[in-house]
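User: I'd like to learn how to read the packing and the charged side chains of a model like this one. Could you walk me through it step by step?

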Amino acid sequence: MAQELFPDKTEFIKLYRTRMPFGKYKGVRLVDLPEPYLVWFSQEGFPQGALGKMLRAVYEIKRNGLEYLFRQVEK
């Protein structure tokens, strides 16, 4: 599913660099958000727009054990 949301490298890098704009985790990169927080969003509903799409992608990546993909961006 995450692949459908962000099929190209530029979007994946943007996903890696984007920080949470509000709440308890304001300023934390989306990829560093705790999984329980992302699970909560998946149950309660992701925000509308680009942020919601990015949170959903991070959730799917973490849910499927693909966090190692983010380490490739760090290089």
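User: Let's begin with the core. Which residues touch the most other members of the largest nonpolar core?

Analyst: The general idea first: in soluble globular proteins, nonpolar side chains tend to be buried together. In this predicted model, the largest nonpolar core has 19 residues, and Leu 15, Met 20, Leu 30, Leu 33, Leu 55 and Phe 70 touch the most other members. Helix H2 (9-17), H3 and H4 each supply at least two residues of this core. The largest share, 7 residues, comes from H4.

User: How many helices and strands does the protein chain have?

Analyst: The chain has 5 helices and 0 strands, so its elements read α-α-α-α-α from the N terminus on. Of its 75 residues, 35% count as buried. For contacts with a separation of 6 or more, 49% are between residues 24 or more positions apart.

User: Now the rings. How many aromatic pairs does the structure hold?

Analyst: There are 8 aromatic pairs in the structure. To classify one, look at the distance between ring centres and the angle between planes: under 30 degrees counts as stacked, over 60 as edge-to-face, and the rest as tilted. Take Phe 41 and Phe 46: their ring centres are 6.1 Å apart and their planes meet at 15°, so this pair is stacked. Both partners are buried, Phe 41 with a relative accessible area of 5% and Phe 46 with 12%.

User: Why does the pair of Phe 46 and Tyr 59 count as tilted?

Analyst: Here the centres are 6.1 Å apart and the planes are at 55°, so the pair of Phe 46 and Tyr 59 is tilted. Phe 46 sits in the loop between helix H3 (35-44) and helix H4 (49-63), while Tyr 59 belongs to helix H4, so the pair ties together parts that are 13 residues apart in sequence. Tyr 59 is buried as well, its relative accessible area being 13%. Stepping back, one aromatic cluster is formed by Tyr 25, Tyr 37, Trp 40, Phe 41, Phe 46 and Tyr 59.

User: On to charges. How many salt bridges are there?

Analyst: Side chains of opposite charge can pair when their charged atoms come close. In this model the count comes to 2 salt bridges. In one of them, Asp 32 pairs with Arg 29, and the closest N and O atoms are 2.8 Å apart. Asp 32 is partly exposed at 44% relative accessibility, whereas Arg 29 is buried at 16%.

Arg 63 also forms a salt bridge, with Glu 60, where the closest N and O atoms are 3.3 Å apart. Arg 63 and Glu 60 are 3 residues apart in helix H4, so about one helical turn separates them. Glu 60 is buried, with a relative accessible area of 10%.

User: What does the side chain of Lys 62 reach, then?

Analyst: It reaches the backbone oxygen of Leu 33, at 2.5 Å. Setting aside neighbours within four places in sequence, Lys 62 is in contact with Val 31, Asp 32, Leu 33, Glu 35, Leu 38 and Glu 67.

Technical notes:
Residues numbered from 1 in each chain as written. Predicted model: local features only at pLDDT ≥ 70, side-chain atom pairs only at ≥ 80, totals over all residues. Heavy atoms only, no water. Phe/Tyr/Trp six-rings, centres within 6.5 Å; stacked < 30°, edge-to-face > 60°. Buried < 20%, exposed > 50% of the residue type's maximum accessible area, 1.4 Å probe, protein only. Helix = DSSP H or I, 4+ residues; strand = E, 2+ residues; numbered from the N terminus. Polar contact = N/O pair within 3.5 Å; in protein donor to acceptor, adjacent residues only side chain to side chain. Contact = heavy atoms within 4.5 Å. Salt bridge = Lys/Arg side-chain N within 4 Å of Asp/Glu carboxyl O. Core = buried A, V, L, I, M, F, W, Y, C linked by side-chain atoms within 4.5 Å.
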